[in-house]
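Please keep the sequence and the three-dimensional view at hand while reading.

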Amino acid sequence: MDETRLTANVEELADLLIDTVDSGASIGFLAPLDRARAVAWWKERAAAVTGGELAVWTARVEGRTVGTVSLSFPDKPNSRHRAELVKLMVHRDARGQGLGRTLLTTAERAAAEAGITLLHLDTETDSPAERLYLSAGWTRAGVIPDYAADPSGVLRPTTLYYKRVGVDAGERETGVEEVEATA
């Protein structure tokens, strides 16, 4: 999928972002998240998709976007072997159905196919997301105290994780893709 498709889905992605923040996930925003800000944030991602700096996948159930995950690719020559897993979100109504795991696996496979050999991420310490990453074979690298505020504004520690994937360097295919999901 390209910038056009991301832009076409921006309203649903904004709904997902708002729901994720409102349900307490620390993904960079404070609650309550204004709808206009959520829409603008997603629109700002379109240029990065077009430029090959960001790949975005969405999960749809019954025609509705209920999840997303992205890979952010560095622009420095000495770091082209790695990518950052960012903004893994699943709508609270769709949690517990394996969508988070499906999105995570999709991003990991795409990274490996693109020649990425190392993924990294950060997540709020002791969050439900942390349990997902541990169960998916990610390695805990350490904890940074008071790294980011949760949606209510309280400073919380963040845990850093990494995972080795793929073995070959090569061209990476980026863009926005959909993951088919069933409820």
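How many helices and how many strands does the secondary structure of the protein comprise? There are five helices and seven strands. The model is a predicted one, and the points below are grouped by topic.

**Overall architecture**

- Read from the N terminus, the elements follow the order α-α-α-β-β-β-α-β-α-β-β-β.
- The C-alpha trace extends over about 40 × 40 × 30 Å along the principal axes of the protein.
- A compact globule of 183 residues would have a radius of gyration near 16 Å, and the protein agrees with this because its own value is 16 Å.
- Of the 183 residues, 45% count as buried.
- When contacts between residues at least 6 apart in sequence are considered, 63% of them join residues at least 24 apart.

**Surface and charge**

- The protein has an accessible surface of about 9200 Å², and carbon and sulfur atoms account for 49% of this area.
- Its side chains include 21 positive and 28 negative ones.
- The centres of these two sets of charges lie 3 Å apart.

**Aromatic pairs**

- A pair of aromatic rings is described by two quantities, the distance of the centres and the angle of the planes.
- The protein contains four aromatic pairs.
- One of these pairs is formed by Phe29 and Trp41, with 5.6 Å from centre to centre and 90° between the planes, an edge-to-face arrangement.
- This pair links distant parts of the chain: Phe29 belongs to the loop between α2 (10–22) and α3 (35–50), while Trp41 belongs to helix α3, 12 residues apart.
- Are Phe29 and Trp41 buried or exposed? Both residues are buried.
- Trp41 also pairs with Trp42: the ring centres are 4.9 Å apart and the planes stand at 85°, so this pair is edge-to-face as well.
- Trp41 has a relative accessible area of 11% and therefore counts as buried, since buried means under 20%.
- Trp42 is buried too, with a relative accessible area of 1%.
- Through ring pairs, Phe29, Trp41 and Trp42 are linked into a cluster.

**Backbone features**

- Which peptide bond is cis, with omega near -5°? The bond in question runs from Ala31 to Pro32.
- Pro32 is located in the loop between α2 and α3.
- Glu62 is not a glycine, yet its phi is positive, at about 50°.
- Glu62 sits in the loop between β1 (54–61) and β2 (64–72).
- The relative accessibility of Glu62 is 76%, so this residue counts as exposed, the cut-off being over 50%.
- Lys87, another residue other than glycine, has a positive phi near 50°.
- Lys87 is part of strand β3, and its relative accessible area of 25% makes it partly exposed.

- Ala83 belongs to strand β3, which covers residues 82–90.
- With a relative accessibility of 1%, Ala83 counts as buried.
- Which residues does Ala83 touch, if those up to four places away in sequence are not counted? They are Leu71, Ser72, Phe73, Pro74, Ile116, Leu118, Leu119 and His120.
- Ala83 and Phe73 are 10 residues apart in sequence, and their C-alpha atoms are 4.8 Å apart in space.
- Phe73 lies in the loop between β2 and β3 and counts as buried at 6% relative accessibility.
- Phe73 and Val143 are 70 residues apart along the chain, and 23 Å separates their C-alpha atoms.

- Thr159 is placed in strand β6, residues 155–164.
- Its relative accessible area is 0%, so Thr159 is buried.
- Apart from neighbours within four places in sequence, Thr159 is in contact with Leu121, Asp122, Thr123, Thr125, Glu130, Arg140, Gly142 and Val143.
- Thr159 and Arg80 are 79 residues apart along the chain, and their C-alpha atoms are separated by 23 Å.

Methods:
Residues are numbered from 1 along each chain as its sequence is written. This is a predicted model: local features need pLDDT of at least 70, side-chain atom pairs count only at pLDDT 80 or more; totals for chains, interfaces and linings use all residues. Side-chain values use heavy atoms; hydrogens and water are left out. Helices (H or I, at least four residues) and strands (E, at least two) are DSSP runs, numbered from the N terminus. The radius of gyration is taken over C-alpha atoms; the globule rule is 2.2 Å times the number of residues to the power 0.38. Buried means under 20% relative accessible area, exposed over 50%, partly exposed in between (1.4 Å probe, protein chains only). Contact means heavy atoms within 4.5 Å. Accessible areas come from the Shrake-Rupley method with a 1.4 Å probe; for residues, only the protein chains shown count as cover. Lys and Arg count as positive and Asp and Glu as negative; His and the chain ends are not counted. The place of a charge is taken as NZ of Lys, CZ of Arg, CG of Asp or CD of Glu. Rings of Phe, Tyr and Trp (its six-membered ring) pair if their centres lie within 6.5 Å; planes under 30 degrees apart count as stacked, over 60 as edge-to-face and the rest as tilted.
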